[in-house]
Structure formats: C-alpha cells, structure tokens
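Notebook open, model loaded. I want to go through the charged pairs, then the sheet, then the packing.

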Amino acid sequence: MRNIEASYSKSVGPNGVTLKITPATSPDAGFSIARLLLCTIPAWIFASLVGAVITTIAGSLLSMLGIGLNGFLVTLYTVPVAAAFFYGWYKSYRWFSRWFLRKQTEGRHAYDVELLVNTQGVTVVGSKKFFHADDIHRFVIKNAFDNTYELPMTGYVATGSAMAVGTAVAANAMTNAVAAVANNKRRAMARISYFVTIEAGGVSHKIAGGLTDVCANGVMTDISRALGNEIA
C-alpha cells in the first residue's frame, strides 16, 4: 500500500472556508511479517479442527466399508488439512490486520474530515456538529503518543565465568534490539499522530487527526483565520 502524507485543501465559498483534511497512512498499513507469523496459531487451530472432523467422518466410512488406511488415503487426508491451514492463515491475517489498523486509526483519530468555517463558527460537515465561535476557548494540537514512553536501553555488567558473561551480554543485546525496534516504531507513529482539538463549553473535541505537526499547525491556523480572529 502506498503511504499517503497528511494534507488538506482549502477552498473559499459563499458560506465560508472549506477544509478537506486527509490523514497520513499508517506505516503498518502494508504487509506485515509479524502479523502473518502471529496468525499461524489460529490457522493451526482451524486446520486441526478440520482434520478432526475429516478423521471422524472418514474413519467411520472406512470402518463401515472395511477399508484400511493406505498411502493414497493418507494423502487425500493431508490435502484438505493443508488447504484448511493456509485458508485459516489467510483469513486470520486479513481479519487481524483490519482489526489492528481500525484500533490504530481510532487512537490516531485518522479519518478524512471536511470542515466548514466562517465567522459564525466551525461545522464538521460529516457529523453536522457545530461549534459556535463565541463558545470556542482555544485550539490545541496534541499527539496520540504524548502519554507513552520509549523503552529504556539497558547496560548490564556481568561477572563470573566466560559463559555466564557471554550469555548475559547476548541477552542484554537482544533486549536492547527489541527496545530499539519498538522505539523507532513509536517515533514513526508519533510523527503522523498529531490531532487538532477545539475546546468549547469546557470540553475538548477532536476535529482532525492522523496529521504531521506541520499539517496540524496549518489546519489550526487556517481555521483561526477563517473565524476572523486569532484564537490559538
């Protein structure tokens, strides 16, 4: 899947300024080996269930017909089980990917949004939600990863035999490698997880998300200008 950077377009009409905002594509939206490997477990369970059903039915039929197992029948048995495994793998991967990306999208508030802004206030076109200009306290840019922390890198000093020291050093290196990968992913996600909120009536409302810092600031600035003031 081609990555799309966060962007927005602005047009001026008789009713005010329309902003059409497109969030950035998640870096996890494409093919994932990690998700594929994780789906091996449900695929194996599904194949085992199919195998159990086939064994029960085929065993009963063969017993009734007085036919014993042979190489040909075993081959016939393994083919549908293998097919069930790969089918379960494929379906699990698709379902899990959709679920994972949907939860991620919700967290980033990464939806296509259209806003209509004029001196009266801000309207979220899709939901018809309207924020009157007199009720708006300010706009705030936040990040979905503001309250998350990077995994710390560790240093481990070991003493003892050469084997013990080598094992400890290797384990520490693996731990740091995992932490580095997780931290790099967090930074990549944080870069496209800015969102713009309107604070009105004592409540904070997300109006656009899944943005870069530059895009979020641009949206906030253009909304303020279209309102005819410098709310920020």
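Which side chain meets Asp 222 in a salt bridge at 4.0 Å, N to O? I looked it up, and the partner is Arg 225. My cut-off for a salt bridge is a side-chain nitrogen of Lys or Arg within 4 Å of a carboxyl oxygen of Asp or Glu.

Ground rules before I go on. This is a predicted model, so local features need pLDDT of at least 70 and side-chain atom pairs count only at pLDDT 80 or more, while totals for chains, interfaces and linings use all residues. Residues are numbered from 1 along each chain as its sequence is written, and side-chain values use heavy atoms, with hydrogens and water left out.

**Entry 1: charged pairs**

I searched the whole structure and got five salt bridges. Side chains of opposite charge can pair when their charged atoms come close.

Back to Asp 222 and Arg 225: both sit in helix α5, three residues apart, about one turn of the helix. I take helices (H or I, at least four residues) and strands (E, at least two) as DSSP runs, numbered from the N terminus. Asp 222 also forms a salt bridge with Lys 10, with the closest N and O atoms 3.2 Å apart. That pair links distant parts of the chain, since Asp 222 is in α5 (residues 213-227) and Lys 10 in strand β1, 212 residues apart. Put together, Lys 10, Asp 222 and Arg 225 are linked in a network of salt bridges.

Is Asp 222 buried or exposed? At 9% relative accessibility Asp 222 is buried, whereas Arg 225 comes out exposed at 58%. For these words I use under 20% relative accessible area for buried, over 50% for exposed and partly exposed in between (1.4 Å probe, protein chains only).

I then checked Arg 191 and Glu 5, whose side chains meet in a salt bridge at 3.2 Å, N to O. Arg 191 lies in helix α4 (residues 162-191) and Glu 5 in the segment before β1 (7-13), so the pair ties together parts that are 186 residues apart in sequence. Arg 191 is partly exposed at 44%, and Glu 5 is partly exposed at 46%.

**Entry 2: the open sheet**

In what order do the five strands of the open sheet run? I read off β1-β2-β3-β4-β5, with antiparallel pairing. Two strands pair if DSSP finds at least two bridges between them. β1 and β5 (129-132) stand at the edges with a single partner strand each, so one side of each has no neighbour in the sheet. Neighbouring strands are turned by 20° against each other on average, direction ignored; the axes are lines fitted to C-alpha atoms, for helices over the stretch in contact, and angles run from 0 to 180 degrees between N-to-C directions.

I zoomed in on β3 (residues 113-118). β2 (residues 16-22) pairs with β3 over five antiparallel bridges; there Lys 20 stands opposite Glu 114 and Ile 21 opposite Val 113. On to β4 (residues 121-124): β3 and β4 share four bridges, again antiparallel, and a hairpin joins β3 to β4 through two residues. The bridge partner of Leu 115 in β4 is Val 124.

In a regular strand the side chains alternate between the two faces of the sheet. In β3, Val 113, Leu 115 and Val 117 make up the covered face, and Glu 114, Leu 116 and Asn 118 the uncovered one.

**Entry 3: packing**

Which residues touch the most other members of the largest nonpolar core? I found Leu 115, Leu 211 and Ile 223, out of 28 residues in that core. A nonpolar core here is a set of buried Ala, Val, Leu, Ile, Met, Phe, Trp, Tyr and Cys residues joined through side-chain atoms within 4.5 Å. The elements giving two or more residues to this core are β2, β3, β4, β6 (136-143), β7 (194-200), β8 (203-211) and α5. α5 supplies the largest share, seven residues.

Leaving out residues up to four places away in sequence, Leu 115 touches, among others, Val 17, Leu 19, Ile 21, Ile 207 and Ile 223 (contact means heavy atoms within 4.5 Å). A second, separate core of five residues includes Ala 43, Val 81, Ala 84 and Phe 85.

**Entry 4: Asn 143**

A polar atom of the Asn 143 side chain lies 2.7 Å from the backbone oxygen of Ala 190.

Conventions. Polar contact = N/O pair within 3.5 Å; in protein donor to acceptor, adjacent residues only side chain to side chain.
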